[in-house]
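Please read them with the structure open beside you.

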Amino acid sequence: MEEFEIVRIDKDGNREVVRSAVAEEVPLTIEVNGVEAATLLSSPLDLEELAVGFLFTSGVISKRASILGMSIDRERWKVSMEITEEGLPEDIAFKRIYTSGCGKGVIFHSAIDLMQRTRLESDLCVSAEYIENLMLAFRRSSTEYKGTSGVHSVALADTEKMFFLRDDIGRHNALDKVIGRALLDEIFLGDKIILTSGRISSEIISKVVRSGVPILATAKAPTSQAIKYARVTNLTVAAFVRGGRMSIYSAPERVV
């Protein structure tokens, strides 16, 4: 967080000069085997997780062992990664889809192609009450959001607890950070739940399906394309989780 001096006006028109906390934003360049893959507008925290998660959900790497080395240059906001694969295919830099995310999120065609060939098979079942309680705890857990109201949050949970939460100015980035952390820690994701503070669009579905997580929950809304992809891939999407209610848009049998 950074602080700025601002003028605050109340409902009676009174003005005062105060200091206000604001979410930080940096342009993070990700380089793979000497080739620039993408530049993401992101929060300046958990950059290793963001880079790993982004490359994993984009289909560039498939496991932790794919990473041979990584360095972070915080002066130039650059992550350089060496991987075992040949790196980015020659044409992948020209096959980007600019997403609906904050700061022109990027997803590659290869990730969309993979999603269309994937169907999640998981016998994970949780109660609607448990998802509601998880969401309540999740929404109270971000100190960055409490301080700035300027970030999105994503968390990973199982049927007993919430593991960790990550924040970012972009909801795609926050999700990549959580998936990146799980990949680095070699956490099995086939029986986990992802919670997000933002709306669910098709790119979010792509990233979650790539991770193998079978249940995705949010207090916000899904888009039409997200629902279609979730149904094709058998991902459970629980939206509008608040006030003791929720709407299940796909694979409802996992919520009992």
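1. Buried in this note means under 20% relative accessible area, exposed means over 50%, and partly exposed is what lies in between, computed with a 1.4 Å probe on protein chains only. At 29% relative accessibility, phenylalanine 240 therefore counts as partly exposed. Phenylalanine 240 belongs to strand 13 (residues 236–242), and its phi is near 55°, a positive value in a residue other than glycine. Helices (H or I, at least four residues) and strands (E, at least two) are DSSP runs, numbered from the N terminus.

2. A word on the basis of these values: this is a predicted model, in which local features need pLDDT of at least 70 and side-chain atom pairs count only at pLDDT 80 or more, while totals for chains, interfaces and linings use all residues. Residues are numbered from 1 along each chain as its sequence is written, and side-chain values use heavy atoms, with hydrogens and water left out.

3. The sheet that deserves attention is an open one of four strands in the order 4-3-6-5, with mixed pairing; two strands are taken to pair if DSSP finds at least two bridges between them. Strand 4 and strand 5 (67–73) stand at the edges with a single partner strand each, so one side of each has no neighbour in the sheet. On average, neighbouring strands of this sheet are turned by 15° against each other, direction ignored.

4. Strand 3 (residues 26–32) is largely enclosed by the rest of the structure, because six of its seven residues are buried. Strand 3 pairs with strand 4 in the antiparallel sense over seven bridges, with glutamate 31 opposite glutamate 36 and valine 32 opposite valine 35. The hairpin of these two strands has two residues between the strands, and asparagine 33 there takes a positive phi near 50°. Strand 3 also runs parallel to strand 6 (residues 78–83), to which four bridges join it, and threonine 29 has lysine 78 of strand 6 as its bridge partner.

5. Aspartate 46 lies in the loop between strand 4 (35–42) and helix 1 (47–57). Its phi is near 55°, again a positive value in a residue other than glycine, and aspartate 46 is partly exposed, with a relative accessible area of 30%.

6. How many of the 11 residues of helix 1 are buried? The count is 10, so helix 1 is largely enclosed by the rest of the structure; among the buried residues are Glu49, Phe54 and Thr57. Helix 1 is followed by glycine 59, whose phi is positive, near 85°.

7. Helix 5 (residues 171–184) and helix 6 (residues 202–211) pack at an angle of about 5°, with their axes 10 Å apart; axes are lines fitted to C-alpha atoms, for helices over the stretch in contact, and angles run from 0 to 180 degrees between N-to-C directions. That makes helix 5 roughly parallel to helix 6, since angles under 35 degrees count as roughly parallel, over 145 as roughly antiparallel, 65 to 115 as roughly perpendicular and the rest as oblique. The contact (heavy atoms within 4.5 Å) is made by residues including Leu175 and Ile179 of helix 5 and Ile204 and Lys207 of helix 6.
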